[in-house]
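Try each task before reading its solution.

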Amino acid sequence: MRSTAGTHPALGRLGVVVPARDEAAGITATLDALRAQTDRDFDLVVVDNGSSDGTGDLVREYAARHGLPRWRVVTEKQKGTGAAADTGMREAAAAGAALLARTDADCLPDPGWTAAVRRALALSELVAGRLVPRTDDLPVSRPRTAVLNGAVALAGAFGRVRPGNQDDGYLGPYMMSAGCNMAVTADLYLRAGGFPRTAIEDVHEDRALVNAVRRLTTRYATYDDVLVRGSTRRVAAWGLVRTLGWYADHRYRPAHVDIR
């Protein structure tokens, strides 16, 4: 893990992408966190992935109410986090963003997140941030928080040794990069082919993008001050062991993936 302390920000327009499906009940907290950024010089693209609860309209109304003309909603009818995230990244790049960042609609970026993203992208072409559990949406005790943080570290260690991440064509070691807290230059994103346009039940699109990048460059790293707080709703619904199984090649396959 690295820090961006003392680094000059990367130059270029920044686009932030948030895929969302039926997130009307909770996305306002994410929008509030983005509006509270110390560096608000960014475009926001929320991708409404076939919501039936008015998520897109809620975001439009929020942007209008707060006078945020650079915030917009696009629609992606093909269900899947990969398809939705890819649509958002390409929309942001087409609108002129040279720097791309992604979080999710159940996450809270730290107030310094976009500023840290800019500094990190001055050092690396692909940035993985630090993910810690939210404590505001579901009750999470200190011991449970420690367990969840340990589980994230365990998942990263497993990723570095798993056979599926080993290949002579890779230029550097595997790096876990959660889709809800990552950033990449638009040039590298497009050269790598972007997120695969798949359903979350089929492919973890963040891992696929990391492995595509590893064939192109070694300029990627994890930064501890690129910080996002992630929802624990899957852990609450499935339990820790099953959730880890889900993220480890879908070894656990629940009947219902879209936890709300």
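**Exercise 1.** List the buried residues of helix 4, then decide how far the helix is enclosed.

Solution. Start with the terms. Buried means under 20% relative accessible area, exposed over 50%, and partly exposed in between (1.4 Å probe, protein chains only). Helices are DSSP runs of H or I with at least four residues, strands are E runs of at least two, and both are numbered from the N terminus. Next, take the residues: Trp113, Thr114, Ala115, Ala116, Val117, Arg118 and Ala120 are buried. Finally, conclude: seven of the eight residues in helix 4 (residues 113–120) are buried, so the rest of the structure largely encloses this helix.

This is a predicted model: local features need pLDDT of at least 70, side-chain atom pairs count only at pLDDT 80 or more, and totals for chains, interfaces and linings use all residues. Residues are numbered from 1 along each chain as its sequence is written, and side-chain values use heavy atoms, leaving out hydrogens and water.

**Exercise 2.** Count the disulfides.

Solution. Apply the cut-off: a disulfide is a pair of cysteine sulfur atoms within 2.5 Å. The count is zero. Cys107 is in no disulfide; its nearest cysteine sulfur belongs to Cys180, 4.0 Å away. Now check burial. Cys107 has 2% relative accessibility, so it counts as buried. Cys180, at 9%, also counts as buried.
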